[in-house]
Amino acid sequence: MKESPPKKGRLGEASDVIIPATDLLFLRCADLILPWLNPQELAVVSQTCKALSLISKSITTHRSHDAARFFENIAIPFRNSVDSQRYAYFIYTPFQIPASSLPSRQWWGSESTRPSDLDSVSEVGRFGVSLVDESGERMCGCECERCEEGYCKCLAFTAGMEEIANECGSGCGCGSDCSNRVTQKGISVGLKVVRDEKKGWCLYADQLIKQGQFICEYAGELLTTDEARKRQSIYDKLRSTQSFASALLVVREHLPSGNACLRINIDATRIGNIARFINHSCDGGNLSTVLLRSSGALLPRLCFFAARDIFAEEELTFSYGDVSVNGENKLNCCCGSSCCIGTLPCENT
């Protein structure tokens with residue numbers, strides 16, 4: 001007896017649609033594949049069929065709920081009442097990493113579908129370049145009580161620098177619960193990334209933050225000065241032809257003699273953390289910046305602390321410096337403070 005042909009009905013009914021086996025397999029794996037896509041790729045995929053559109057919307061929702069991609073202790077959501085942009089896309093790292101040490105893609109979906117074997121960012125980056133002695137052994141040193149108990153022979157290392165805060169490092173005998181590792185335990189205050197009509201994305205407090213509390217460090221790719229100059233040239237060209245914002249920060253640690261300094265170039269434009277959203281304020285802002293060195297590390301890290309009590313719904317800002325340039329590289333400042341000079345501090349890298 002012959003089978004009757006399938007009845008014709010509305011598009012999407014089981015009797016109407018024959019889905020190839022390869023497409024069915026892709027749909028089953030979509031939750032694992034689509035979180036690796038960038039926003040443009042995700043938008044294209046979402047237009048192919050209703051099922052992929054729903055999955056893409058779900059991924060977009062999850063991304064808007066946590067800018068930190070589950071790398072931090074708490075979620076840091078995006079909030080936008082200005083336009084249709086749900087989130088800012090970048091690769092997340094909680095601390096400094098060598099340039100280009102991360103792949104061009106990073107998983108970003110829901111925590112429930114996160115692959116169990118997904119590699120996290122290496123913690124080696126947290127301590128920067130390590131110091132070693134003549135035999136090649138890592139040098140360590142701090143003055144915390146637990147290290148003095150015999151875990152590690154400690155020495156206070158300042159390399160002749162002034163006003164450098166010190167913490168225990170990777171070579172110390174103490175663990176992550178040591179009270180001298182405040183900035184190494186991740187973000188512990190409520191934050192959110194808010195869209196502003198003039199400034200773009202900004203970092204806001206989502207709770208009361210008390211004076212002196214650690215906020216975050218400025219994380220991104222560590223560049224050589226030559227590489228920093230090359231990238232800045234590229235960024236300047238992009239900014240002249242399109243709406244583009246870079247996050248390349250140059251930190252100079254001056255030696256006591258005043259004749260030399262240690263220069264650190266941190267680029268959070270493509271790879272960084274939520275500090276890339278902290279804007280400048282001409283009045284100095286509500287954050288204090290501290291160069292913090294972990295024992296056994298050569299390079300310090302730039303960390304942000306609350307300079308005063310910061311209330312919920314208040315934007316977090318700091319001063320980018322006081323060096324300005326003239327000409328086409330000049331950027332308008334939108335800080336809105338009473339002492340705003342009209343242009344962002346900037347210098348030729």
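Reply: Helix 2 gives the most to the lining of the second largest pocket, with five residues. The model is predicted, so to speak of local features pLDDT must be at least 70, side-chain atom pairs count only at pLDDT 80 or more, and totals for chains, interfaces and linings use all residues. Residues are numbered from 1 along each chain as its sequence is written, and side-chain values use heavy atoms, without hydrogens and water.

Me: What counts as a pocket, and what is the volume of the second largest pocket?

Reply: Rolling a probe the size of a water molecule over the atoms shows where empty space is left. A pocket is an open set of points on a 1 Å grid over the protein atoms alone, where a 1.4 Å probe fits, with protein on both sides within 12 Å along at least five of seven lines; lining residues have an atom within 4 Å of a point. The second largest pocket has a volume of about 380 Å³. Of its 15 lining residues, Asn38, Pro39, Gln40, Ala43 and Tyr87 are the closest to its centre.

Me: Which helices each supply at least two residues of that lining?

Reply: Helices are DSSP runs of H or I with at least four residues, and strands are runs of E with at least two. Here they are helix 2 (39-46) and helix 3 (50-65).

Me: In what order do the four strands of the open sheet lie?

Reply: Two strands pair if DSSP finds at least two bridges between them. The order is 4-12-13-7, with mixed pairing. Strand 4 (165-167) and strand 7 (214-217) are the edges. Strand 7 runs antiparallel to strand 13 (residues 301-306), joined by three bridges, and Phe214 stands opposite Phe305 in strand 13.

Methods. Points joined across faces, edges and corners; volume = space filled by probe spheres on them.
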